[in-house]
Amino acid sequence: MESKSTTQILVVEDDANDSFLLVREIERAQLEDHVTVIDNGRDALNYLASTETPPLAIFLDLYLPGLNGIHVLEKLRHDPRYKTVPVIVMTGSVDPNDLKECLRLGVTAYLPKPVKLSSFIKTVAHIFPKVESHR
């Protein structure tokens, strides 16, 4: 688990290359000092349980070791502290059932991998309107 001083964005991604690229885009949005990267679902839930303040957003992969992203999303949406936290699923899944289940659970955005830079920027700008002014 890589943690920085003040966590406001949580990245749950087991692929080091994907998390590197995502964090790089977050850095370009000038939010890099507010990111924690965790590589599996169970550790992500444990981490969230140990923090007092919910993150501003969670970027979540679906295919995670141990507890998969759909189960993480389900647990988040059933916890009042995280019910309204934006969750952006970024996945290589082409299974339409994954999309349906994420939508049913209230996902904020569903971005297929590889994520196009333009889609990422639009999503981040929607969640963090102030980001666009930094570009």
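Select Glu52 to begin: with a relative accessible area of 80%, Glu52 is exposed (over 50% relative accessible area; buried means under 20% and partly exposed lies in between, with a 1.4 Å probe and protein chains only). Glu52 is located in the loop that runs between helix H2 (41-50) and strand S4 (57-60); helices (H or I, at least four residues) and strands (E, at least two) are DSSP runs, numbered from the N terminus.

The model is a predicted one, in which local features need pLDDT of at least 70 and side-chain atom pairs count only at pLDDT 80 or more, while totals for chains, interfaces and linings use all residues. Residues are numbered from 1 along each chain as its sequence is written, and side-chain values use heavy atoms, with hydrogens and water left out.

**The whole chain**

Six helices and six strands are present, and their order from the N terminus is β-β-α-β-α-β-α-β-α-β-α-α. Of the 135 residues in the chain, 47% are buried. The accessible surface, by the Shrake-Rupley method with a 1.4 Å probe and, for residues, only the protein chains shown as cover, amounts to about 7,400 Å², and carbon and sulfur atoms contribute 53% of this area. Among contacts (heavy atoms within 4.5 Å) with a separation of 6 or more, 69% are between residues 24 or more positions apart.

**A salt-bridge network**

Next, select Glu13, Asp18, Asp61 and Lys113, which are linked in a network of salt bridges. A salt bridge here is a side-chain nitrogen of Lys or Arg within 4 Å of a carboxyl oxygen of Asp or Glu, and the structure holds five of them.

Zoom in on Asp18 and Lys113, whose closest N and O atoms are 2.9 Å apart in a salt bridge. Asp18 belongs to helix H1 (residues 16-28) and Lys113 to the loop between strand S6 (109-112) and helix H5 (117-127), so this pair ties together parts that are 95 residues apart in sequence. Asp18 is partly exposed at 27% relative accessibility, and Lys113 is likewise partly exposed, at 23%.

Keep Lys113 and turn to Asp61: their side chains form a salt bridge with an N to O distance of 3.4 Å. Asp61 is in the loop between S4 and H3 and Lys113 in the loop between S6 and H5, so the pair ties together parts 52 residues apart in sequence. Asp61 counts as buried, at 5% relative accessibility.

**Helix H4**

Move to Arg104 and Glu101, whose side chains meet in a salt bridge of 2.6 Å, N to O. Both residues lie in helix H4 (residues 96-104), three residues apart, or about one turn of the helix. Arg104 is exposed at 54% relative accessibility, whereas Glu101 is partly exposed at 24%.

Leu99 can be selected in helix H4 as well; Leu99 is partly exposed, at 34% relative accessibility. Its C-alpha atom is 7.2 Å from that of Tyr110, eleven residues away along the chain.

Select Arg77, in helix H3 (residues 69-77). Arg77 is buried but has no salt bridge, and the nearest side chain of opposite charge, that of Asp79, is 9.7 Å away. (Lys and Arg count as positive and Asp and Glu as negative; His and the chain ends are not counted.) Neighbours within four places in sequence aside, the contacts of Arg77 include Tyr82, Lys83, Val87, Leu105 and Thr108.

From there, proceed to Val87 in strand S5 (residues 87-91). Val87 is buried, with 0% relative accessibility. With neighbours within four places again left aside, Val87 is in contact with residues including Ile58, Leu60, Leu73, Leu76 and Arg77. Ile127 is 40 residues from Val87 in sequence, with 9.9 Å between their C-alpha atoms.

**A negative patch**

Finally, select Asp14, Asp15, Asp39 and Asp43, which form a negative surface patch. Patches are made of residues with over 30% relative accessible area and no salt bridge, like charges being joined within 9 Å and nonpolar side chains (Val, Leu, Ile, Met, Phe, Trp, Tyr) within 5 Å; the place of a charge is taken as NZ of Lys, CZ of Arg, CG of Asp or CD of Glu. Asp39 is in the loop between strand S3 (35-38) and H2, and at 41% relative accessibility Asp39 counts as partly exposed.
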